[in-house]
Amino acid sequence: MIEVAARPYAFQLDPGHTALVVIDMQRDFIEPGGFGDSLGNDVSLLEAIIPTTAELISLFRRMGWPIVHTREAHKADLSDCPPGKRSRGAPGLKIGDEGAMGRILISGEPGNQIVADLAPLPGEIEMDKPGKGMFWATGLHERLKALGITHLVFAGVTTEVCVQTSMREANDRGYECLLIEDATESYFPEFKRAAIEMIVAQGGIVGWATPFAALEAALAPEKVHA
Ligand code: TIU
């Protein structure tokens with residue numbers, strides 16, 4: 001086990017059984033004209049985590065550990081979008097409507113692509129998810145089990161919506177979860193702060209949280225090969 005300084009106490013990372021999950025770093029949420037913008041959010045806040053998230057992805061590539069990239073995405077016929085999900089979001093554009101970057105949250109549309117600086121490489125897991133959580137209707141649990149993954153490191157957006165939902169779903173499936181605080185963001189700074197506090201409260205009721213620098217230090221070559 002590799003010890004990572006974290007809150008509420010050190011996270012025990014299991015090398016060889018740890019995957020990175022980058023949640024929904026798609027243009028829809030991060031660039032002007034996308035779904036997030038249409039909901040009235042300040043999307044520039046989210047853009048700021050791209051460099052740290054890119055460093056985190058590079059670290060996992062160096063380690064040779066699995067990386068999962070998710071997109072919140074629906075089928076073009078919206079058969080996987082509950083009416084209640086589509087009807088909310090007024091007065092902005094709704095899921096499936098034509099936006100500045102194609103149809104909002106529809107698989108394959110320009111706005112549904114992961115931002116260029118974080119583009120997945122061949123061999124990494126790329127997946128569409130119709131829910132906020134990454135396990136709902138995706139088959140991801142089976143894929144991670146097949147890879148022997150027991151520990152998940154989380155990044156992405158937004159902290160209190162898709163990231164926290166995915167972490168909670170992961171808990172119920174037995175994964176140990178570590179959130180990288182400076183590689184996740186919310187449209188609402190107070191929600192990010194509160195979500196992280198909720199995650200680490202009660203002895204880590206949802207998981208652990210730490211800055212990227214703490215993970216990078218823990219995975220320095222002299223420590224990993226000690
Ligand atoms: N990925 C994700 O968090 N989806 C959202 O819709 N988040 C919002 O905060 N709106």
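A polar contact is a pair of N or O atoms within 3.5 Å; within protein, one must be able to donate a hydrogen and the other to accept it, and residues adjacent in sequence count only if both atoms are side-chain atoms. By that criterion, a nitrogen atom of the ligand is 2.9 Å from an N or O atom in the side chain of Glu72. The model is predicted, and local features need pLDDT of at least 70, side-chain atom pairs count only at pLDDT 80 or more, and totals for chains, interfaces and linings use all residues. Residues are numbered from 1 along each chain as its sequence is written, and side-chain values use heavy atoms, with hydrogens and water left out.

**Ligand site**

- The residues around the ligand are Asp24, Phe29, Glu72, Lys132, Val157, Thr158, Val161, Cys162 and Tyr187, where near means that a heavy atom of the residue lies within 4 Å of the molecule.
- Val157 places a backbone N or O atom 3.2 Å from a nitrogen atom of the ligand.
- Thr158 has a polar side-chain atom 2.9 Å from an oxygen atom of the ligand.
- Of the 280 Å² of accessible area that the ligand has on its own, the protein covers 91% (Shrake-Rupley method, 1.4 Å probe; for residues, only the protein chains shown count as cover).
- The ligand takes up the space of the largest pocket.
- A pocket is an open set of points on a 1 Å grid over the protein atoms alone, where a 1.4 Å probe fits, with protein on both sides within 12 Å along at least five of seven lines; a molecule sits in a pocket if more than half of its atoms lie within 2 Å of its grid points.

**Cis peptide bonds**

- The bond between Val157 and Thr158 is cis, with omega about -15°.
- Thr158 belongs to the loop between strand S8 (151-157) and H7 (helices are DSSP runs of H or I with at least four residues, strands are runs of E with at least two, and both are numbered from the N terminus).
- Arg7 and Pro8 are also joined by a cis peptide bond, with omega near 5°.
- Pro8 is in the loop between strand S1 (2-4) and strand S2 (11-13).

- H7 (residues 159-172) has 14 residues and spans 18 Å from its first C-alpha to its last, close to the expected 20 Å (1.5 Å times one less than the number of residues).
- Buried residues of H7 are Thr159, Cys162, Val163, Gln164, Ser166, Met167, Glu169 and Ala170 (buried is under 20% relative accessible area, exposed over 50%, partly exposed in between; 1.4 Å probe, protein chains only).
- Gly174 follows H7 and has a positive phi, near 95°.
- H4 (residues 50-63) also has 14 residues and reaches 20 Å, close to the 20 Å expected.
- In H4 the buried residues are Ile50, Thr52, Thr53, Leu56, Ile57, Leu59 and Phe60.

**Other residues**

- Arg71 is in strand S4 (residues 67-72) and counts as buried because its relative accessibility is 12%.
- The side chains of Arg71 and Asp128 make a polar contact of 2.8 Å.
- Leu105, a residue other than glycine, has a positive phi near 55°.
- Leu105 sits in the loop between strand S6 (102-103) and strand S7 (125-129), and is buried because its relative accessibility is 0%.
- Gln202 is not a glycine but has a positive phi of about 55°.
- Gln202 lies in helix H8 (residues 189-204) and is exposed because its relative accessible area is 68%.

Terms used:
1 Å grid on protein atoms, 1.4 Å probe; cavity = no way out; pocket = protein on both sides within 12 Å on 5 of 7 lines; lining within 4 Å.
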